[in-house]
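Dear colleague,

I am passing on the structure we spoke about, and below it you will find what I found on going through it. Please read the notes with the model open beside them.

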Protein chains: 4
Amino acid sequence: MPSVAVFGGAGYTGALAARLLLAHPSFELRWVTARSDVGRRLDDLYPHHRVPLTLEELDLDRHADVDAAVVAYPHGAAAPLVADLRERGVRLVDLSADFRLRDAMIYGAWYREHEAPDLLDEAVYGLPELYRERIRDAGIVANPGCYPTATLLALAPLARAGLIGDVVVDAKSGVSGAGRAATEQTHFVTVDENVRPYGVPRHRHTPEIEQELAALGADVRITFTAHLLPLDQGELVSCYVTPKEDGVRLSLDELEGLYSRAFVSEPFIELTSEPPGVRDVRETNICRISVHRDERTGRVIVFSVIDNLWKGAASQAVQNLNLMFGLNEGEGIS
Amino acid sequence: MPSVAVFGGAGYTGALAARLLLAHPSFELRWVTARSDVGRRLDDLYPHHRVPLTLEELDLDRHADVDAAVVAYPHGAAAPLVADLRERGVRLVDLSADFRLRDAMIYGAWYREHEAPDLLDEAVYGLPELYRERIRDAGIVANPGCYPTATLLALAPLARAGLIGDVVVDAKSGVSGAGRAATEQTHFVTVDENVRPYGVPRHRHTPEIEQELAALGADVRITFTAHLLPLDQGELVSCYVTPKEDGVRLSLDELEGLYSRAFVSEPFIELTSEPPGVRDVRETNICRISVHRDERTGRVIVFSVIDNLWKGAASQAVQNLNLMFGLNEGEGIS
Amino acid sequence: MPSVAVFGGAGYTGALAARLLLAHPSFELRWVTARSDVGRRLDDLYPHHRVPLTLEELDLDRHADVDAAVVAYPHGAAAPLVADLRERGVRLVDLSADFRLRDAMIYGAWYREHEAPDLLDEAVYGLPELYRERIRDAGIVANPGCYPTATLLALAPLARAGLIGDVVVDAKSGVSGAGRAATEQTHFVTVDENVRPYGVPRHRHTPEIEQELAALGADVRITFTAHLLPLDQGELVSCYVTPKEDGVRLSLDELEGLYSRAFVSEPFIELTSEPPGVRDVRETNICRISVHRDERTGRVIVFSVIDNLWKGAASQAVQNLNLMFGLNEGEGIS
Amino acid sequence: MPSVAVFGGAGYTGALAARLLLAHPSFELRWVTARSDVGRRLDDLYPHHRVPLTLEELDLDRHADVDAAVVAYPHGAAAPLVADLRERGVRLVDLSADFRLRDAMIYGAWYREHEAPDLLDEAVYGLPELYRERIRDAGIVANPGCYPTATLLALAPLARAGLIGDVVVDAKSGVSGAGRAATEQTHFVTVDENVRPYGVPRHRHTPEIEQELAALGADVRITFTAHLLPLDQGELVSCYVTPKEDGVRLSLDELEGLYSRAFVSEPFIELTSEPPGVRDVRETNICRISVHRDERTGRVIVFSVIDNLWKGAASQAVQNLNLMFGLNEGEGIS
């Protein structure tokens, strides 16, 4: 059974990855390290995860002696650790943005100077529904951002069909997407009975979405805006697509057919005729999608919901690990 | 002091209108009628409003003996009552959609056959920031829908300047916007930890917004989508405007200047550089707006928040009544 | 593999029981009947449960041809169905209050006249931690109420040790405890930003708790009060125990020892030194308990949390079914 | 018009006091100082309060040149500032705990060593319903804690009548009661869908409640436990009173009569037969109370709700200032 370690287990996504891997029938979770709360029990920090392990301070000599890893470090901090782990032969899924953008210049423009640019070529973008085959052999899988996951799954069928002329993405997220840090922005009283946009007008997930849309055949500049909602887990993206000429004539039936064919064999995509709600996918690896046609304007509207901590992060990481180690894709996350 | 009655005081907006008018220094609230809960005390039904009146069954001979009225009946049911009240000379603000659309055919297409089409000409659209002068003399003021209120205030400066090429409006609302009726959709467990789109792809507020944008000079078909959020009061609209040729070159400074000039004397409009949150305007008659420029796509993004029960309904009705009776516009709602 | 049917699958607890039994490795879920929503798919009504079955109208000739059943009917309506099912030899867990009280007179005083009083002797109170052995052979298992489950587990060690002089139980529950019916009381706007007591001063769970405390050796009259909180699932009971003479001298260490010994082999009881929160047990069959000593007054304070839909209803029903059919107690609910 | 300053305006209660005093018709708000966020505009920090003032660093020579003050400093930090202000002749209301306990020893046992013990004699406990006359002439008014406010108003009629034998107080509070500090405990994700006890078994409000109950004639040791709820503002206390001999025979009618007589002239107390909810008093200075009798045990149950930021802090401070300066008690807070 392959052994696995979680690096950065004190945050929401790392801790959830630890829970999923501890219960996984085909991985042996050996370590959980952390950058804060070292020495604290994970089941004290997150009682509901019930992981009876102690958070350890990073010691690569001990902790890198594993077959696989999940890296849950912040953007920028992940790259050096990923480089160290690769040098020791560990295959890993990285939850940060550090290996998602293929171009170090673009990374530099939206984040900071990249610290391991020569590893970018080795990294595979970890959206299994798009890159399943390449993930199987990858050494570094760059787990997608939560918004890109929901958005790309919503738009992939249109992009591949060459139908996307222009896109506005209005995204809504629960507070866990902002992470565990206690700030004025995550204080209960700030969020409760509130909704507000953030990251306007330059949200960092924009270039990631554009890169992958381009890879699918849609070379567009998108408008992407995020909003913070008073709920803990869950993310909805509302995509407003102005179709290219060919798309304008598509009927709702044809659109639904396009989506059905695109996702017919996908174990974690659900199509629905009614707009989905984030409750429908809470604590699952599922992305639920509905497609609509605004007859009056010719626009195509696509709604897509995920649990940002699950399909948007930790359970998608496990889905990727399953593929990397030749296991059933849904093991431990169904 | 003009006397006033509230017709339909058992619902959220009628009850709030009663509260505001009871405390109003220049109106005398004489009656509150209702279609349900007749005989029940309003301060039993809504303790926090503290209106010590009993809901009465409609008796026009008694209740129409007033100078002014707020009609808070459902769409369709309002028109006949409005006709009756006008016949008796009562000047009124109608909270329903029945007199918002100037064209009975369009009303028929989105609602039902209109029951008092000859009164449509008499009605003034009750958005004071747009029609202040005409409201002063009106017999019927059609109080705008909550979404149109927030959307039109967000877009008016751009529309008047002839800059709007195309618009996508993504609206988010708290549950009180769905009214007091207890349904599967308003059950706490359905809404809590959830967000979902509704009224897709044909929300009834669409023609109202388009009618008024056209009156402002923007003859566009909009895409309008609403989402239900887990909060009680408050509404945010996110407007994504593709500008006409001239608008593409506008800088953020020029945009902010346009908005400042448009609203410089408006007592209930606040401009802000940071995106507003609905908490900022809770239980006020204020609309708070921010305008942004997406440099990468040339789009103009406008956010606008109101309290759907206040500026989106009851306090805006009082603002209209103030204008109709020559009072200070902010009396009783500041 | 024993076959099982859920009767009354349109409500929250019946639907969850259907989900748990569908995924259960050792039961075959054959039917889900309902009193409302007949013909509707369960995965349309509750998408997150993902049960691809259609709710059927009751037809005992078809639906009673099973080995086991979960009855999720309202109080009063359950008794006749339970009688029918027993006549046909089906062993069942009843989620209603109909077979919890051993005395038909007491049932009559708190609910209504009992319709199957001769079956009361056959029923076993389905709290596995108290009646594990008797449940194994039972034909009718009366699943405990949610509040009694949390309260009895909190107080059992003290009751058995003869230490309880007097008890005040202050209970707090999420809205799902009030069921799926859409009412003024379950409307989002009524519950949100609110907390209020209900069922004062005579909550129906009182005699059930007293009956079982007496069986454990504590013959006391309790004060039990429930409060409705703005959350969906979860229940906390705060128990304030005035100990009998002997208990007054117990140290915190001795109290904790008493609880540790009482629950040492229990798979679904967690003891904690910090007061538990309902999030800690969300969507689990676990009851989490902490015991404290108020040195100043000599009182013993016990906090206990469960998920009202799981350990308070559906997953406890599966725990009981597991026992009744000789399976591992935690199968399908761990 | 008396001038007033708020010291410590960056926190929730100080900022609300500034809002109420800015709008107050008979006070002139001159300064708002703060210990953090100096130089920041209050209407930037708390947009909904709309106070267009800048938070200033404390400079007693400038800021103490006022007639009145509200001190909103943390426990311990308030005492030295209060001493300074008194030396300069400023009459003040202190929101901290520093002058609530009359005995410096008890203060030391529950908080820390007192830094201005000789001022304790001068301080009046600022619950107007109990000490109205003494507040009028006071130099220092110690504004009560939020829990003591709700609890003492709930119990005062019973205490004065000599009926209290024993009391358990189970208190529930929204998150604003924990203040503005961003911590793991106030993070949205920690609080949402949760309820948990805190400050067990020694909550600091206990001696304050006992001191004032004793002053009312009830010399009891109470059990007081607080719980954190997923809501922003509002507090409910559920008081379980075991009456002394005489009280056991009191009927519900007699109890309700006792409460009616006790509060008949109180402008901010509401009695209700149904248990109150915190929504009923949101953003008001009102305390709403219901009294019940548990026939089976003889216990008297009293529920009491306030808004912790208003009657539990800032609006009660204004109520006290009104009394101190000979104004109408409800000015600026009705």
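At roughly what angle do the axes of helix H7 and helix H12 of chain A cross? Before I answer, please bear in mind that this is a predicted model. The axes of H7(A), residues 146–160, and H12(A), residues 310–324, come within 8 Å and cross at roughly 100 degrees, which makes H7(A) roughly perpendicular to H12(A), since angles from 65 to 115 degrees are counted in that class. On the H7(A) side the contact is made by A:Cys146, A:Thr149 and A:Ala150, and these meet A:Lys311, A:Gly312, A:Ala313 and A:Gln316 in H12(A). Sorted by class, the residues of this contact are three nonpolar, three polar and one charged.

Helix H7 of chain A also holds A:Ala154, which counts as buried because there are 27 C-beta neighbours inside 10 Å, where 20 or more are required. Leaving aside neighbours within four places in sequence, A:Ala154 is in contact with A:Val237, A:Cys239, A:Ile289, A:Val302 and A:Ser304. By contrast, A:Val38, which is 116 residues from A:Ala154 along the chain, has its C-alpha atom separated by 39 Å from that of A:Ala154.

Turning to the strands, S1 of chain A, residues 3–7, is mostly covered, with four of its five residues buried. Strand S1(A) runs parallel to strand S2(A), residues 28–33, and the two are joined by five bridges; within this pairing, A:Ala5 has A:Trp31 in S2(A) as its bridge partner.

With best wishes

Definitions and conventions:
Residues numbered from 1 in each chain as written. Chains lettered and ligands numbered in written order. Predicted model: local features only at pLDDT ≥ 70, side-chain atom pairs only at ≥ 80, totals over all residues. Axes fitted to C-alpha atoms, helices over the stretch in contact; angles between N-to-C directions. Parallel < 35°, antiparallel > 145°, perpendicular 65-115°, else oblique. Contact = placed C-beta atoms within 7 Å. Nonpolar A, V, L, I, M, F, W, Y, C, P; charged D, E, K, R; others polar. Buried ≥ 20, exposed ≤ 12 C-beta atoms within 10 Å, placed from the backbone. Pairing = 2+ DSSP bridges.
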